[in-house]
Structures are given as C-alpha cells and as structure tokens.
Amino acid sequence: MMLSIKNIHANIDGKEILKGINLDIKAGEVHAIMGPNGSGKSTLASVLAGREEYEVTEGTVTFLDQNLLDLSIEDRARAGLFLAFQYPVEIPGVSTTNFIKAAVNEKRKYQGKEPLDALAFLKIMKEKMALVEIDQSLLSRSINEGFSGGEKKRNEIFQMAMLEPKLAILDETDSGLDIDALRIVANGINQLRNQNRAILLITHYQRLLDYIQPDFVHVLYNGRIVKSGSKALALELEEKGYDFITEETDL
Amino acid sequence: MTNIAYFKDQFEDIAEPDSAIREITKTAFDTFNQLGLPTYKLEEWKYTNISSLFDKNYQFSKDNFQDKLSPSDLQALNLAGEEEAHALYFINGRFAAGLSKINATENELVVLPLQEAAKGPYQKIIAEHLGSSSKYLKDGLHALNTAFIQDGVFIYLPKGKQLALPLYLHHINHADTENVLSQPRSLVYLAENTNLQLIETYTTLGSMESFSNEVMEIVLQENAYLAYYKLQNDGPNAAQVSSTQIHQLGKSYVQTLTIALNGGVIRNNLNLILEAEGNETHLYGLSLLKGNSHVDHHTLVDNKRPNCFSNQLYKGIADDTATGVFSGRIIVQRDAQKTNAYQSSKNIILSDRATINAKPQLEILADDVKCSHGCTVGQLDEEAMFYLRARGIPLKEAESLLLRGFAADILDQIKLKPLRKHIEQLILAHLAST
Amino acid sequence: MNEDLDMLEQSALNDYKYGFVTNIDTDTIPKGLNEGVIELISKKKNEPEWMLAWRLKAYAYWLKLVEPTWANIKHPPINYQDIIYYAAPKQKEQLNSLEEVDPELLRTFEKLGISLNEQKRLTGVAVDVVMDSVSIATSFKEQLSEIGVIFCSISEAIQKHPELVKKYLGSVVPMTDNYFAALNSAVFTDGSFCYIPKGVRCPMELSTYFRINAENSGQFERTLIIAEEESYVSYLEGCTAPMRDENQLHAAVVELVAMKKAEIKYSTVQNWYPGDKEGNGGIYNFVTKRGICLEDYAKISWTQVETGSAITWKYPSVILKGDHTIGEFYSVAFTNHHQQADTGTKMIHLGKNTRSRIVSKGISAGQSQNSYRGLVRAAKGAINARNYSQCDSLLLGDKCGAHTFPYIEVKNKTAIVEHEATTSKIGEDQLFYCRQRGIDAEAAVALIVNGFAKEVMNQLPMEFAIEAQKLLAISMEGSVG
C-alpha cells in the first residue's frame with residue numbers, strides 16, 4: 001500500500017472539516033475525489049501535504065511505511081509526496097528554473113545523491129518541458145508571477161515531472177482552464193502516469209475525468225467519503241448533480 | 001509682535017485661581033514657555049513656517065461677542081441641509097453657549113462649557129482625557145491652546161445614543177477692527193454604541209487677520225461610530241493650525257474628511273491613536289489650492305493593538321503660488337500584529353510657481369503586517385485634456401472637469417448628501433473663480 | 001510557525017569570515033585630534049601646502065558643528081579624541097612594483113579573496129587596496145595609463161595630478177556639507193582616484209578594497225572619480241574589518257563628476273564587521289557619497305549591497321545638473337542582530353528632462369532597525385523631470401523594525417514624481433509552497449529574500465553579484481522567521 005488514510009479528523013480554527021476519512025491508494029492507481037464546494041477536498045490535500053493551519057485531531061496516515069503525520073512539510077515532499085496547488089504561489093525575483101533546481105537538488109540530497117550540475121539539469125528540463133508544452137521563456141520568469149491561469153497549472157505539472165513523485169495530489173488542477181489548456185495539462189498528467197506512481201485527483205467537475213481515466217471515484221461530502229465507485233460514478237454525478245448523493249446522506 | 005511675554009500677560013490675566021482645570025493650564029503654560037512657537041527648524045514644521053505669523057499683533061479677546069450676532073447672522077453661515085441639525089458656535093475661539101441650537105434632549109446629547117463639565121458628573125472623563133493629545137503633539141502651539149482651555153466645550157454622547165442629525169461646529173472670528181487670535185478647544189466623548197456625524201467650519205468676519213489655534217480631542221469607546229468632516233474655506237486673511245486627536249479606545253469606526261479650499265496658512269494635525277483591537281479608520285483629504293494659500297496636512301496613525309485597519313487617501317491640487325504639504329506617518333507598534341495600514345497621497349501641480357511637498361512615512365515594528373504608502377506628484381493627464389478639447393470643450397472647462405474628476409473619489413466619501421452637494425457647489429465655484 | 005520561531009530564537013552563529021587581524025608592524029600616531037595631528041597626517045603624506053591649508057580650514061569648520069541627531073539610529077557619544085587618525089602598515093617607502101608588497105599583506109588580501117597578483121586576477125578588474133590609512137597597491141595601473149585612464153590612490157593623485165584634485169576635490173561634497181564630511185575633509189588619509197579621459201570606455205572594472213586592520217583607528221576614506229565627456233567607467237568597492245569589541249569609525253567621502261554623455265556606475269558591497277550578536281563592536285559607517293551629472297546626458301548609477309557595519313548612515317546621491325541627465329540608486333540593505341541602518345539617496349533635479357530611479361530593498365532581522373531615507377527634489381527649472389521610487393521592506397521576525405522616510409519636493413508643473421513603498425513579511429503561503437517542493441524553511445527564506453533583492457543584485461557586475469548573493473545568504477543564516 002502506498003498511502004493509507006485511517007479515520008482522519010482535522011480542524012481549522014477549531015472547526016472540524018474532515019470527520020473521519022478512510023482511503024487506501026496503491027502504486028499505479030488513479031483515484032479521483034469529487035464533491036461539492038466546502039466538502040473538505042482541499043483540506044484533505046492540505047492535511048496530506050502538512051499545511052500547518054490544519055490540526056489533525058484523530059486518525060493516522062501511512063505513506064510508504066512511514067507515519068506521514070510525523071514528517072515535516074519538506075520531508076513529505078522529499079519522500080515523494082507532491083501537491084499541485086490549486087492556487088500556485090508567486091515568488092517575485094525567484095526564477096522558475098532556480099526554484100525547481102533548488103527543489104530537485106534538495107530531493108537528491110535527501111536520497112544521498114550528488115546535486116545535478118547545470119548542464120545535466122538543463123538536459124532533464126528540456127525533456128520534461130515538452131510534456132506540458134511549456135516554453136523556455138516562462139521558466140526564466142519569476143515563478144508564477146504574471147503567469148496566466150493555464151501557465152500556472154502547466155508549471156505545476158512540469159514541476160511534478162521534474163520531481164518524479166511517488167504520489168501526486170492534484171488539487172483542482174482543472175479549475176480555471178479553457179479546453180485547450182485542460183487538454184495539455186491532462187495530456188501531461190497521463191504521460192506521467194505509471195505503475196510505480198499513484199495519483200490523487202481532486203476535482204469539482206467530471207470534465208477532467210474525460211481526459212484522465214480514474215480507477216476509482218470517491219465522493220466527499222461534509223468531511224466524509226460518502227460513496228465510492230468506478231468511473232461510472234463520476235458520470236452519474238455529472239448527470240444527476242451532487243444533490244442525489246447529498247440528499248441521500250443528509251437523510 | 002505677539003510673543004511669549006504677551007501670552008504671559010494674557011495668561012495671568014485670565015486664569016482664575018479656583019478653576020477646575022487650573023492645573024492643566026498651568027502645566028501647559030510652562031511647556032509653552034519652554035518650547036516657544038514652533039519654527040521651521042523643527043522637523044515637523046520643516047515645510048510650514050508659522051512663526052512669522054506672530055510678527056503681527058493679535059488681539060486675544062476675552063469677549064465672545066455672542067450678543068453681537070443676530071440669528072440671521074448665524075443663519076447666513078448655515079450649510080445646505082443644516083436647518084434641522086444641531087449647531088454649536090465658537091466665537092473668537094470661545095464657546096458661545098447661548099447660541100447653541102440643540103434639537104435633542106440631554107439624554108441624547110450633552111453639550112457643556114468645559115469649565116462647567118469639569119466640575120460636574122463628567123469630572124472623571126475630563127480628568128482622564130482632557131489634554132491627552134499633548135503626549136503626541138509636543139509643540140508650543142498645542143501647549144498654548146491648552147494653557148487657555150477654559151472657554152472650550154465638552155460634547156458627550158451617552159451610551160447607546162445614535163445621533164440621527166449631524167452636529168455642526170462653527171468657528172467664527174470677529175476681525176473687523178483688529179487682528180484676532182482664537183484658540184478653540186473641545187473634548188468630544190462617544191460612549192459605547194454611539195454614532196456621531198460632526199462637521200466643522202471656519203469663518204472670519206471682517207478684513208483684519210485671524211489666526212486660529214484649535215485643539216480637538218475625541219474619544220471613542222466600544223462600537224462607537226464617528227464621521228468627522230472639516231471644511232476649510234475661509235479668507236486669505238485667515239491662518240489656522242488645527243489639531244485633532246482621535247483616541248479609538250474601544251473597537252470602533254472612524255472616518256475623517258478634511259477639505260481645504262481657501263485660506264491663508266493652514267496646518268492640520270490629525271492623529272489617530274488606535275488603542276483597541278479591530279479598529280477601523282479611514283482618512284480622506286482634499287486640498288484645492290489657489291492664490292497664495294499654504295495647506296499642510298499632517299496625519300499620524302499609531303497602531304498599538306493587533307488587527308487594525310487604516311486607509312488614508314489625500315489628494316492635493318496646487319495652482320498659482322500655492323503650496324500643498326502632506327506628511328503622513330504610520331506607526332505599527334510591536335504588539336500590533338496583523339495590522340493593515342495603507343496611505344496614498346496624490347497631487348497635481350498646475351502652475352510653475354506652485355509647490356508640493358510630501359513626506360509619507362512608515363515606522364514598522366511588527367512583522368506580520370501589510371503596510372504601504374504611495375505618493376505621486378504630476379499634472380493633469382495631457383491625453384485626457386486633448387481628448388476633451390478635441391470634443392470642443394474649452395481649455396478652462398476641460399481643466400475644471402478633470403480636476404473635479406480627480407476630486408470625485410474623495411467627495412464620494414461624504415455620506416451626508418446635502419453636505420456633499422454643498423461642497424461640490426463650492427468646488428465648482430472655486431474652480432471657476434480666478 | 002512555532003518551529004520557525006524557534007529557529008529565529010537560535011539566531012545566527014554565523015561567523016564573520018573576515019574578522020581576523022593581520023599581524024604586521026603598523027606606523028600609528030597617538031590618539032586624538034587637533035591641528036598638530038592634521039599637520040602630521042599631511043606631513044606623513046608629503047602633501048603640498050595647499051592641501052594642508054584645505055584640511056585645516058575644514059577642521060576649523062568642523063569644530064563649529066555638532067554631530068547630527070536626525071537619523072533613526074542610536075549610539076553612545078563618539079569620543080573623537082579617542083581615535084587614532086593615522087595608521088599605516090610599515091613597508092618600504094616607495095614601491096616599484098607589486099612584488100615589493102609585504103608578503104603578509106599579500107596573504108591578508110588573498111585570504112579576503114583579493115589577489116593583487118595581476119596574472120591571477122580575472123582580467124577585467126583593476127584593484128586598489130587600502131589598509132587603514134594608506135593605499136597598499138594598485139594593479140593594472142600601467143595598462144590603464146596607456147589609454148589615459150588614471151587609477152591610483154588619492155595620495156598619489158595629490159602628488160602627481162594636483163591640478164585635477166584641486167579642481168574637483170570638495171566640488172561635489174563641500175567640506176561644509178555636513179559634520180562627517182567636514183571631519184573627513186580635515187583628516188582623510190587615503191582612497192582612490194580615477195580619471196577617465198574624453199571618449200574612453202574604461203576596459204576593465206576599477207575597484208578598491210578597503211580594509212581596517214589597526215586597533216582604535218578610524219578610517220577616513222576619500223574617493224574622487226572624474227569621467228570626462230563620453231567616457232564610461234564601472235567602479236566597485238568592497239570592505240571588511242576585524243572583529244573587535246570596540247566600535248570603529250569609517251567616515252568616508254566619495255565624489256563623482258560626470259561630464260557630457262559620460263557614465264559612472266558605482267557599486268558597493270559593504271561588509272564591514274557588524275558587531276556580535278549582542279551588539280558589541282562593529283564599524284560605524286558614516287559616509288557621504290554624492291555624484292554630479294555636471295553636463296548634459298550624463299548618467300550616474302549607484303548600486304549598494306549593505307550587509308555589514310554596526311551602524312550605517314549613508315545616502316549616495318545624484319545632482320542632476322545637466323539637461324537629460326540620469327540618476328539611479330539601487331540598494332539592498334540587510335540588517336541582523338543589533339545592526340542599524342539609515343540609508344537612502346537624494347535625487348536633486350535641476351536640469352531639464354532629467355530622470356531618476358530609486359529601488360530600495362530593506363531586509364530586517366533579529367533586533368535590527370532598518371530605515372530608508374530619501375529626498376527627491378524637482379527644482380523650478382527641472383522641466384519634465386521624472387522620478388520613480390520603489391521602497392520595499394521585508395521583516396524577518398517580530399523584534400526588528402523597518403522604516404521609510406521619503407521626502408518629495410516638487411516646484412514645477414511638468415515634473416512627475418512617483419513613490420511607492422510596501423512593508424511585509426515573507427508570506428506563509430510562499431514558505432509552504434517552497435517547503436512542499438522539498439526546500440527547507442531556511443533555504444526557502446534565503447531563496448525568497450534573494451528574489452526580493454534581485455532587481456538590485458542584477459545591477460551589479462557579474463562576479464560581484466555572485467559574491468553579494470553569497471554574502472546575503474551568510475548574513476541571513478539563522479534569521480528565519
């Protein structure tokens with residue numbers, strides 16, 4: 001098992017958002033978590049990545065045989081957990097290349113490897129750039145600063161390609177994308193899909209799943225997974241809306 | 001010359017030994033004696049020279065002339081929409097209680113001469129708050145006002161009173177036979193859950209010179225709301241130093257708006273002391289300067305507690321040989337985490353003989369803050385001018401149109417509609433005059 | 001954030017790398033300041049009569065002044081009688097070549113990363129090194145003189161080019177300018193002199209490295225750069241001092257003169273000893289730097305990276321006298337522990353169509369106080385003057401302060417002056433983003449701070465930029481907040 005979430009409860013500012021989540025993800029699997037706004041989807045991503053505003057009050061998370069909740073934010077990342085941000089953060093004056101290089105070398109240091117020299121890094125970068133059709137000029141700009149919505153999301157997937165995570169959590173990576181950008185981003189994700197890597201897609205809409213076929217679909221509502229199924233569940237949601245599940249649950 | 005010796009005579013003459021506020025005035029006079037009048041050598045007075053004004057002889061009169069003014073005289077000073085409102089009058093710097101027009105019961109609004117209030121049930125409030133601004137305004141002029149405090153006014157809003165009608169405070173200087181020096185003083189206290197809209201105006205009657213050295217202290221308790229408008233539209237013979245210090249003791253809301261159109265040398269000190277968590281303050285200012293006027297806006301926002309918000313927007317236009325000054329200071333104390341404090345000063349120069357001086361300052365001692373200031377000095381947008389003229393609008397009109405546009409976002413903040421209209425009319429006339 | 005706060009509390013064991021003392025015989029004069037001392041300095045430097053007269057005049061003026069108190073800094077009173085005004089490493093009277101420099105001194109500068117050996121140096125940088133009160137050596141002098149560039153110590157210039165020194169010394173910063181300028185004019189000992197003749201683009205960077213070594217001494221640097229018509233020069237200065245518990249005074253005056261279409265680019269990486277974590281010791285860096293764009297189309301650009309000194313008091317300024325002239329000021333000031341910096345610039349627009357640009361980035365950590373103070377003045381005749389100023393402050397930790405005191409004075413209707421300033425701390429979301437990518441908090445802060453300062457760093461010549469970036473990283477160690 002790559003990731004095993006057992007009965008996770010989490011609060012922010014004293015308010016309980018996650019109310020007992022259970023989820024197991026194996027290598028090679030793609031899971032989609034869907035749910036209406038405010039159901040706790042992004043909270044789950046934040047808790048897994050270790051955002052400090054969230055307090056885990058109950059439950060355990062095991063990631064590659066380690067207690068994930070004991071790890072610092074950066075150690076989770078170095079161990080192979082990657083979060084593609086819903087709102088990627090701007091850091092003025094820090095070029096995208098330098099930022100990614102720092103991240104890649106931190107990971108290599110963690111793995112006991114030598115840092116990549118400029119040339120080797122550039123070579124790898126060139127390869128991965130093609131994946132998300134990202135332009136060299138974008139990479140010399142300050143990270144995320146003045147990027148369009150699509151550029152920001154492509155840059156997230158580009159970083160995923162560079163960092164080669166074991167588990168990628170993609171938080172609303174489809175939001176704010178037009179159809180072309182969505183196709184490019186989804187294409188990139190599909191190419192990064194392999195049997196050693198697990199992907200957790202967090203999305204509000206079914207449309208991303210037209211491009212990326214999930215193995216499992218879960219519906220998150222009011223801090224709990226209320227329904228799990230196959231791709232068909234997503235289609236059903238698309239057709240009937242969330243109401244059919246939320247009403248069922250509220251009863 | 002109106003010098004220290006002159007004030008010494010006046011002080012000894014006036015001070016009554018049994019006055020309840022005698023101690024305050026004595027200390028203040030000693031301070032004045034020590035500091036003298038501020039000179040431009042002091043950093044805070046770098047851009048405004050006030051000392052030369054005292055080369056003249058002023059009459060610091062004991063009379064408040066209140067019987068000289070007929071109801072129709074007073075009515076002439078009314079602003080649009082004022083008929084129903086409450087109105088108080090200061091004549092030559094002395095509160096003229098006999099002229100007050102208050103359309104409320106004493107349960108809703110208390111207005112008393114300061115001396116009287118200092119003896120009665122408000123003794124404690126006065127002891128606590130009167131003179132508290134001297135901690136921030138450490139200059140001779142401020143001390144001088146405090147030394148002659150006895151004819152001031154005390155305004156009090158009891159707990160829970162939302163004063164529906166605005167309160168007007170008219171300052172009248174009678175300068176028909178001699179130069180007048182006036183020193184109005186007021187203490188305004190807003191208890192919990194109160195609401196006050198306060199408007200101050202200044203009028204010099206007669207052709208002699210007037211110099212008004214005013215101090216107002218305002219205290220707000222929890223959940224009090226204050227909208228404070230100051231309209232400075234006096235003659236070129238009227239100089240003025242006007243200091244207002246607002247203490248937001250409880251979580252409260254303040255909006256101030258200062259409009260300077262005409263006058264001689266004007267210096268406004270506006271201090272906001274944010275002593276409670278979650279205070280909100282908006283400061284607006286507009287100077288439309290022509291002729292030889294000199295208007296200096298000094299603001300201070302002292303953030304002492306966390307989670308306060310303040311925003312300042314001051315706009316200035318200087319034509320002819322006028323000088324506009326803006327000096328804004330934001331202090332964020334160590335405890336005032338999560339402060340958001342913003343300040344913007346925008347200025348337009350219309351003449352080569354006009355001057356704009358600006359000094360926006362940030363002094364920040366807490367780290368989790370968002371603070372910014374911006375300052376611009378420039379001209380009317382040439383493109384816009386060209387556009388208007390290409391549509392057949394004459395130069396002068398186009399200029400007036402753009403200047404009104406420039407002023408609009410300040411005027412939009414005037415929530416009293418008749419007052420806004422009144423000021424818009426004044427500005428229109430002001431821009432049309434040469 | 002508790003974890004980060006702990007890291008802040010641990011705050012910096014960063015050793016100042018340049019804090020060693022060179023053991024070398026030093027020729028020092030007794031402590032104290034009087035006319036006799038000034039005569040002695042002048043005599044030691046074998047100065048002509050006019051120079052001594054100039055110094056004495058400055059001294060007489062200085063005696064009438066009181067130390068200024070307007071800056072946002074605090075320090076115990078300086079006892080000007082308790083300072084040694086002249087200290088020079090003992091070596092042969094007249095050096096004929098670099099080979100004759102005392103090996104101990106050569107080693108000192110090697111250790112500081114400054115090689116005086118021309119073969120070993122990167123071509124493209126000529127260096128003058130000043131230790132305490134004297135210039136030790138100047139490299140590439142001959143190559144430069146072939147194209148007419150004079151690059152030597154100011155002492156040498158007084159001897160060899162008196163007409164130039166007489167003409168320009170004190171022409172930009174008069175001896176009466178301020179307290180420290182008057183003091184410097186009376187007792188200055190050494191510094192650099194650069195003269196770029198008409199039409200010459202100086203082919204290499206000129207640089208001066210200032211080192212304080214002797215105990216109880218003050219350093220009074222005087223630098224003068226003259227760029228004739230259509231010439232260009234890029235000048236760099238660096239500085240370090242040993243770690244000592246006492247405060248030492250460095251009171252410099254730098255004057256730049258740019259003629260028609262000339263350009264002077266002046267870069268400083270200031271790394272004087274900042275004092276220890278408790279605020280003991282460190283250099284008082286009280287400096288007057290000013291350039292004048294004397295003729296049309298001249299350009300002067302100041303870039304400074306200030307990480308050192310216990311106290312910095314410095315406002316590199318430009319007087320835009322000629323029409324179409326340009327002044328620039330790019331500054332990064334980093335303060336940590338108990339350091340205090342009050343720095344900024346003055347842009348005085350006098351000519352028509354003059355332009356100036358100010359970019360100031362202040363970073364405060366520990367219990368330090370960091371102030372930007374600047375003046376932009378558009379005089380009546382400065383038709384179409386333009387200024388844009390951007391002053392940003394970053395606070396690392398809740399015990400430091402960041403202050404901004406700009407003065408804007410506009411006296412004509414065609415000038416446009418814009419000033420913007422912001423103060424904030426590093427965003428939690430920025431830190432989280434970096435850490436999610438595997439970059440630890442400390443490295444993330446360094447990354448973000450470097451990004452914050454980048455616009456200024458970009459102005460430095462390449463080798464210097466890398467040095468400056470490293471310096472910033474070292475100064476910042478342990479200041480994560």
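B:Arg329 is partly exposed in this predicted model, with a relative accessible area of 26%; partly exposed lies between buried (under 20% relative accessible area) and exposed (over 50%), for a 1.4 Å probe and protein chains only. Helices (H or I, at least four residues) and strands (E, at least two) are DSSP runs, numbered from the N terminus.

Over all chains, the whole structure holds 44 salt bridges. In chain C, the side chains of C:Glu237 and C:Lys289 meet in one of 2.2 Å, N to O. C:Glu237 belongs to strand S9 (residues 232-240) and C:Lys289 to strand S13 (residues 282-293), 52 residues apart. Both C:Glu237 and C:Lys289 are buried. Salt bridges with shared partners also join A:Asp75, A:Arg78, A:Glu106, A:Lys109 and C:Asp440 into one network.

Residues are numbered from 1 along each chain as its sequence is written, and chains are lettered from A and ligands numbered from 1 in the order in which they are written. Local features of the predicted model need pLDDT of at least 70, side-chain atom pairs count only at pLDDT 80 or more, and totals for chains, interfaces and linings use all residues, while side-chain values use heavy atoms, leaving out hydrogens and water.

Notes: Salt bridge = Lys/Arg side-chain N within 4 Å of Asp/Glu carboxyl O.
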